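Please find below my notes on the model you sent.

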Amino acid sequence: MGKRRYTHVQELLPEIKAMLSEGRSQQEIAEYLGLSDKNVVKELLKRERRKERKIKAGLKLRPKGRPRKRSEAVDIVAEQAYEIKRLKMENELLRDFLRFTERK
């Protein structure tokens, strides 16, 4: 059994579409590009048609997989300002509590 070889077929899409418009079959395209079989080309075209249908229907294309923990852009300055404000409020609350209990 030979070593598995991966090809980024998405990068070959424009070339594949051009060859299809010339009238070549999926089998001929796969052999010309050195792909394992015609199913690679067939599945790529199926994925592209599915994407086009979703775009035409107005659906948003979402990335696959689990999203990152912090997918939104982080504004560090605003986050630090919020944290400072929260800590100042906490300190004030604790001071008031100590005054109320007559400890300080």
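**Notes on the model**

1. The radius of gyration of the protein is 29 Å, whereas a compact globule of 104 residues would have one near 13 Å. Keep in mind that this is a predicted model. Along the principal axes, the C-alpha atoms fill a box of roughly 90 × 40 × 20 Å.

2. The secondary structure is helical: there are four helices and zero strands. In sequence order the pattern reads α-α-α-α.

3. Of the 104 residues in the protein, 12% are buried. The exposed surface comes to about 10,100 Å², and carbon and sulfur atoms supply 53% of that area.

4. Among contacts with a separation of 6 or more, 41% are between residues 24 or more positions apart.

5. Which residues form the largest nonpolar core? There are eleven: V9, L12, L13, I16, M19, I29, A30, L35, V41, L44 and L45. The elements that each give two or more residues to this core are α1 (13–22), α2 (26–33) and α3 (38–56). In soluble globular proteins, nonpolar side chains tend to be buried together.

6. M19 belongs to that core. Leaving aside residues up to four places away in sequence, M19 touches R24, I29 and Y32.

7. On charge, the protein carries 29 positive and 17 negative charges.

Definitions and conventions. Residues numbered from 1 in each chain as written. Predicted model: local features only at pLDDT ≥ 70, side-chain atom pairs only at ≥ 80, totals over all residues. Heavy atoms only, no water. Rg over C-alpha atoms; globule rule 2.2 N^0.38 Å. Buried < 20%, exposed > 50% of the residue type's maximum accessible area, 1.4 Å probe, protein only. Contact = heavy atoms within 4.5 Å. Areas by Shrake-Rupley, 256 points an atom, 1.4 Å probe, with all protein chains shown as cover. Lys, Arg positive; Asp, Glu negative; His and termini not counted. Charge placed at Lys NZ, Arg CZ, Asp CG, Glu CD. Core = buried A, V, L, I, M, F, W, Y, C linked by side-chain atoms within 4.5 Å.
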